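Subject: Structure handover

Hello,

Here is the structure for your files.

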Amino acid sequence: MRKIFAAGLFGLALGVSGMAFAEPVKVGMITTLSGGGAGLGIDARDGFMLALSLSGNKDIEVVTEDDAMKPELAVQIADKMIQSDKVDVLTGIIWSNLAMAVVPNAVAQGKFYLSVNAGPSPLAGAKCDKNYFNVAYQNDNFHEAMGNYAEKHGIKKMFILAPNYPAGTDSLNGFKRFYKGELVGEVYTKLGQTDYAAEIAQIRDSGADSVFFFLPGGMGIAFVKQYAQSGVGIPLMGPGFSFSQDVLGAIGDAALGAKNSASWSKDLDNAANKKFVEEFQKAYNRLPSIYAAQAYDTANLIIAAAGKVSVKDADAFRAALKAAEFESVRGKFKFNTNNHPIQDIYVREVVKEGDVLTNKIVGTSFTDHADAYAKDCALQ
């Protein structure tokens, strides 16, 4: 599927008219729009396009294609966007294995890549690049926050599980970095798995006090529903992805009370976030997820940078991105030396507002948190 959008012509209500850029910007968005991970990519696309539309600026063109969660397809799309479409900026990838396949080659060709989600550890550390900016997080961050939460709340025995791909490995490494209690199980599942009977049996027999899991998209929906039906009853916790707005409706009341971590929540009290949540609901008739929030911030970062300098002046555009002079829905936001965020990470709880399941902030796990890999990055 291939779609081209002009920022001011997306069919959403426009805000104030934007000023023309010094140079038009062409963005290539590679994201997941089909299969079990489609909800994540659709939210990212919709959040990104909402920001462009609200800006009123018509100087950004977006070419969007579906990667179908396939690394080889993502690479083909990226090559076509760079060589044929002549994009200035690439963005949109949700999955870390796809990011590892696409990003190094894209930045080697002098293109900018701005991540709306995937944050694999090599790209934050030894394989960082001056043209790679992660506007979301580094993969370990939310998991570190829940490890910190479990440690500080005296949970003695944890069972942890995640898919067997780069973000899954980063996930459990991040959790273990801050959790010092006993691990009674550590399991890596198949990416895209939908039957978790064997893992649930292991959890049942583990003696765990709590279960930490990272299973985004359809994987998490399947796991939580099967877990609830099993009657195991050991409390669940996870990163915000495991209980993101895009999956809560499908999971149902089995998610109620679950603690999870994120750098964003719809109840964050700042003007940019209030506008984002209101406008997203107005445009799409649903609440936004963290994927939408991160993509919305990414688009606004591009708008802010391109409004100051030409995207064709790579050094100037890079400096404008690094300055991060935009109104983030997260409130304060800045980049570390490795072009990854330094940000607060909150603990949220799944609640019901009327008939709608959503999250509310119940605490802060980290303030001004940086990732563990910046020290390995040569950028300064």
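A cavity here is a set of grid points where a 1.4 Å probe fits but cannot get out. The model is a predicted one, and a search of the whole structure finds two cavities of 30 Å³ or more.

The largest cavity has a volume of about 100 Å³. Its lining is made up of 15 residues, and those closest to the centre are Ile 94, Asn 117, Tyr 137, Tyr 165 and Phe 214. By class, the lining of the largest cavity has eleven nonpolar residues, four polar and no charged. Domain 1 (25-137 + 268-335) and domain 2 (140-262 + 346-369) each supply at least three residues to this lining.

The second largest cavity has a volume of about 60 Å³. Among the residues lining the second largest cavity are Trp 264, Lys 266, Pro 288, Ile 290, Arg 348 and Asn 359. This lining divides into three nonpolar, six polar and two charged residues. Both domains give residues to the lining of the second largest cavity, so the cavity lies between them.

On the domains themselves: the centres of domain 1 and domain 2, taken over C-alpha atoms, are 26 Å apart. Their contact takes 20 residues from domain 1 and 22 residues from domain 2. About 1,600 Å² is buried between the two domains, with carbon and sulfur atoms giving 67% of that area. The count of salt bridges between domain 1 and domain 2 is one. Three residue pairs are in polar contact across the interface.

Regards

Terms used
Residues numbered from 1 in each chain as written. Predicted model: local features only at pLDDT ≥ 70, side-chain atom pairs only at ≥ 80, totals over all residues. Heavy atoms only, no water. 1 Å grid on protein atoms, 1.4 Å probe; cavity = no way out; pocket = protein on both sides within 12 Å on 5 of 7 lines; lining within 4 Å. Points joined across faces, edges and corners; volume = space filled by probe spheres on them. Nonpolar A, V, L, I, M, F, W, Y, C, P; charged D, E, K, R; others polar. Domains from an automatic or database assignment. Contact = heavy atoms within 4.5 Å. Buried area = accessible area lost by both parts, 1.4 Å probe. Salt bridge = Lys/Arg side-chain N within 4 Å of Asp/Glu carboxyl O. Polar contact = N/O pair within 3.5 Å; in protein donor to acceptor, adjacent residues only side chain to side chain.
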